[in-house]
Amino acid sequence: MYMQIVPATDWFFVHSNVLANSPPTVWHLAAWGLTAEGQAVGLVGAFGADQGKDGVAPKLVSVPPVPGAYLHRDQLTEVEREQLRKR
């Protein structure tokens with residue numbers, strides 16, 4: 001449950017890939033969610049096979065529970081920006 005949700009324009013969540021020699025995984029944040037405990041959590045769009053079908057509404061979910069960093073667009077490395085272009 002989130003007490004407040006606000007847009008996260010130009011923010012990303014970056015974490016190491018599970019494959020050791022692969023580039024990092026970069027998630028484009030859709031919004032920030034404020035929890036009842038006062039913690040800001042990055043939210044991303046949940047996409048799946050049922051997306052857009054009858055009765056399946058779009059939704060936001062928190063970023064994966066892995067070590068990573070929230071970065072602004074201006075903080076992304078060239079490798080991280082390249083990962084965004086592949087999506």
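What share of the 87 residues in the protein is buried? Buried residues make up 28% of them, where buried means under 20% relative accessible area, exposed over 50%, and partly exposed in between, with a 1.4 Å probe and protein chains only. Please keep in mind that this is a predicted model, in which local features need pLDDT of at least 70 and side-chain atom pairs count only at pLDDT 80 or more, while totals for chains, interfaces and linings use all residues. Residues are numbered from 1 along each chain as its sequence is written, and side-chain values use heavy atoms, with hydrogens and water left out.

Let me turn to the fold. The protein has one helix and seven strands, taken as DSSP runs numbered from the N terminus, with at least four residues (H or I) for a helix and at least two (E) for a strand; along the sequence, the pattern reads β-β-β-β-β-β-β-α.

Four strands form an open sheet in the order 1-4-5-6, with antiparallel pairing, and two strands pair if DSSP finds at least two bridges between them. Strand 1 and strand 6 (59-62) stand at the edges with a single partner strand each, so one side of each is left without a neighbour in the sheet.

Now to strand 1 itself, which covers residues 2-7 and includes Met-3. Five bridges join strand 1 to strand 4 (residues 31-35), and the two run antiparallel; in this arrangement, Gln-4 stands opposite Leu-34 in strand 4. As for Met-3, this residue counts as exposed because its relative accessibility is 56%.
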